[in-house]
Amino acid sequence: MLTKAVESVKVFAENNPSLRDLARGRRRRFDDVECVLPSRVAAAESLSATVSVWDEYLRLLPDYDGTLAVDSTDPEAAHPEEIDFGLTDEAVTELSGVAFETPGVQYLTLTDESGRRFTSNPVQVFDSEPDRRLYWGDIHLHSQFSDGAGSMSKGFRFGRDVMDLDVAAYTDHDTMGFFIPPKLQRRRMHGGYFEDMKTVTNHFHDPGEFVTLFGYEWTKQPNMGGHVNVYFEGVEEAELFDSLDTDTNRYEKLFRRLQAWREETGNEVLAIPHHPAEAMYPFDFSNVDYDDDIAPLVEVYSQWGSSEMPADEGNPKPVRMGQGEMGTPGHYVQDAHELGYRVGMMGSSDFHAPRPGRSHIHLPPHLPSLSDIWEDGIGWGHIWRIWDEGSYPGGLTGFYAEDLSRESVFESLRSRRVYATSQPHRILVEFAVDGTQVGEADSAVVADGERTVEWLVAGTAPIERVTVVKNNADWHVVGGTADESADLDAYTEAGEVTDDEPVTGMFWDADRTSGSGPTSDSGPTGGDAPGEERGSDADVYYLRVEQADDGMAWAGPVWVEPGA
């Protein structure tokens, strides 16, 4: 706890903002429009768009009185001709009467009086009802139940009504450090907070409209290991297995207890590690007996940055918050793949204020309003707005699911039929090897010879680069444009490439320090004996997408196994 306190004070001192910076943050000037539509629809389906207006500090701007002209890439689409915000006096409005007629990827465009164009998220239009819809969620958030600002209720309303999210979840800490003494937070969670979280989660759950998942963050203290979110398919059945309990105070113990609970109760539960590469709370895949059945995903991206790979290997969003990224192998998603763990990738915000889908601590330092503090209290979500800790916009998860229900959404997580993007970019991504898409057939393909790698990307800005990563190397790169003002033709990229090389797999060299060590329940564990190798004989493919506006997406992997 003392280490965390010292580190936090050091960060604040190093990033102390000037009064001029804080004064500049009081300005309220129109800056952006968000237009959110469903991502996968049938032709002629009746749709509504959620349109919101923001200032340069990502605060809603209810006094905007402009008019936006509405158009579409689909010449046959039906839609209103304009939106007049001067008549609504609201920062968020619904644009109804939208229907696309032409199959393919379509957009709505909104243009203000100055000629500035704002573009909706891409909409994939099918001739008939698609087999799966694409839903969007932010499932890693913190409230006043731990170290966050604001209530769960306020956050759920923001995610549902402002950001038009389909899925949301709060994952407050089971124990804490620095802000709240660990044992005190544990008592509060067991003493009523855990049950209160269930009540709020159930209150906002509206199948078919807005799905709320239930979970909590299993929280190791500073310099004692990484953090893991635990999610339950059901709410009432959920139990709190905390990180101070001797039965669940280590990764392996937690994984085993969750597996046993699943078998004992017949209820589904999953664990998802996050920011594994952050130096204060690292998760070392090479030094733990990892269970990729109970933990089939890793949160590859959040406001902390990307834990895909180290900065010196080309990571465009390396972890900078806290103590920065780990300098040793074992803590990155690519390391988990090299070790043979079959983990997919998802993204969330890890934001500590009631703004799922739209975090804002990456912006220049600015003061929260008095109303924010009065309503939400003092939590990290407001404290971080005053200091520049080197954060990024939060992340989102795209869920390919049959319908908008807890069961279908949870199955998407369990089967890895999800992918990650940075906020607020609802980038459409399809990725497949030999016709097997991410999450289908256990994301696995058996290949004796050549295989075809395919992708479809439709961005929220021009596509700068699409990279097929194979066995942790940038294997095939398609360049686009870095021009943010490029025409809508630059927003999409589809293609395929044939791989005719033999399947080789990857192997982890256990002689590296982080790859050795005995298995034990008394501390961070796992690894093979020194000198041994572990890994997988399957080739690992995934997709990385980079946009001209700094938006990103990560989809995959798909594993290609050698034939008999």
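**A histidine and its surroundings**

Reply: With a relative accessibility of 25%, H476 counts as partly exposed, a class that lies between buried (under 20% relative accessible area) and exposed (over 50%), judged with a 1.4 Å probe and protein chains only. This is a predicted model, in which local features need pLDDT of at least 70 and side-chain atom pairs count only at pLDDT 80 or more, whereas totals for chains, interfaces and linings use all residues. Residues are numbered from 1 along each chain as its sequence is written, and side-chain values use heavy atoms, with hydrogens and water left out.

H476 lies in strand β26, where strands (E, at least two residues) and helices (H or I, at least four) are DSSP runs numbered from the N terminus. Not counting residues up to four places away in sequence, H476 touches W455, V466, T467, V468 and V497, a contact being heavy atoms within 4.5 Å. Q185, by comparison, is 291 residues from H476 along the chain, and their C-alpha atoms are separated by 48 Å.

The loop between β25 (463-470) and β26 (473-479) holds N471, which is buried because its relative accessible area is 16%. Apart from neighbours within four places in sequence, N471 is in contact with T504, G505, M506, A538, D539 and V540.

Turning to the loop between β27 (492-499) and β28 (506-509), one finds D500 there, and this residue counts as exposed at 55% relative accessibility. Together with D434, E450, E454, E496 and E501, D500 forms a negative surface patch. Such patches are made of residues with over 30% relative accessible area and no salt bridge, with like charges joined within 9 Å; a salt bridge would be a side-chain nitrogen of Lys or Arg within 4 Å of a carboxyl oxygen of Asp or Glu. Asp and Glu count as negative and Lys and Arg as positive, while His and the chain ends are not counted, and the place of a charge is taken as CG of Asp, CD of Glu, NZ of Lys or CZ of Arg. The accessible areas themselves come from the Shrake-Rupley method with a 1.4 Å probe, and for residues only the protein chains shown count as cover.

How values were computed: Patch = residues over 30% accessible without salt bridge, like charges linked within 9 Å, V, L, I, M, F, W, Y side chains within 5 Å.
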